[in-house]
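Good morning, colleagues. Please look at the model on the screen while I take you through its aromatic contacts, its metal site and its nonpolar cores.

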Amino acid sequence: MALRIIRQEEDEILRKKSRPVEKIDDKIKELVKDMIETMHKYDGVGLAAVQVGVLKQVVVIDTYEEGSQIYVLINPEIIKTKGLREVEEGCLSFPNKFAKVKRPEEVYIRALNEEGKEIKIKAKGILAQAICHEIDHLNGEVFIDKIIPGTLEIITPEKK
Ligand code: NI
């Protein structure tokens with residue numbers, strides 16, 4: 001396993017669409033492991049492959065909630081969403097920026113896991129938020145483009 005470099009906001013790759021994974025081979029499995037390690041290293045809730053420079057439809061999510069698991073979503077598709085709520089959001093590619101966005105209250109998706117098995121997830125709360133945020137990344141969309149006006153906070157990193 002290896003940490004990958006997270007692409008930052010000015011990087012044009014973040015605006016590009018990711019392609020579906022055709023075959024879950026060793027390279028994809030290694031990518032998934034590296035993405036999980038990288039997400040955990042930076043205390044992220046989710047990471048999309050494009051954020052480490054790979055334009056493939058691969059997402060990892062860990063909400064750190066009690067009893068939760070790490071989700072690996074390959075070629076995820078939203079089947080249905082329900083409701084809309086305002087939530088505070090950030091992104092590892094925009095490490096100093098936080099803002100409010102609107103996200104579905106519930107989302108129902110279909111994806112493949114890292115073994116190529118089809119999974120369906122009905123999610124609420126932070127998991128639903130993370131799934132929608134990461135699927136946006138696969139479409140070349142970033143949260144900063146959909147923030148609710150006047151809610152952006154820029155945090156100056158503490159000097160160490
Ligand atoms: Ni993000």
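Rings of Phe, Tyr and Trp (its six-membered ring) count as a pair if their centres lie within 6.5 Å; planes under 30 degrees apart are called stacked, over 60 edge-to-face, and the rest tilted. By that criterion the structure holds 1 aromatic pair. Phe 94 and Phe 143 form it in edge-to-face geometry, at 5.7 Å centre to centre with 90° between the planes. Phe 94 belongs to strand E5 and Phe 143 to the loop between H2 and strand E8, 49 residues apart; helices (H or I, at least four residues) and strands (E, at least two) are DSSP runs, numbered from the N terminus. Both Phe 94 and Phe 143 are buried, meaning under 20% relative accessible area with a 1.4 Å probe, protein chains only.

A word on provenance: this is a predicted model, in which local features need pLDDT of at least 70 and side-chain atom pairs 80 or more, while totals for chains, interfaces and linings use all residues. Residues are numbered from 1 along each chain as its sequence is written, and side-chain values use heavy atoms, without hydrogens and water.

I turn to the metal. Cys 91 (SG), His 133 (NE2) and His 137 (NE2) are the protein donors of the nickel ion, 2.0 to 2.2 Å from it; donors are N, O and S atoms within 2.8 Å of the metal (3.2 Å for Na, K and Ca), and water is not among the atoms, so sites may look incomplete. Cys 91 and His 133 are buried.

Finally, the largest nonpolar core has 21 residues, a core being a set of buried Ala, Val, Leu, Ile, Met, Phe, Trp, Tyr and Cys residues joined through side-chain atoms within 4.5 Å. Its largest share, 7 residues, comes from H2.

Terms used: Buried means under 20% relative accessible area, exposed over 50%, partly exposed in between (1.4 Å probe, protein chains only).
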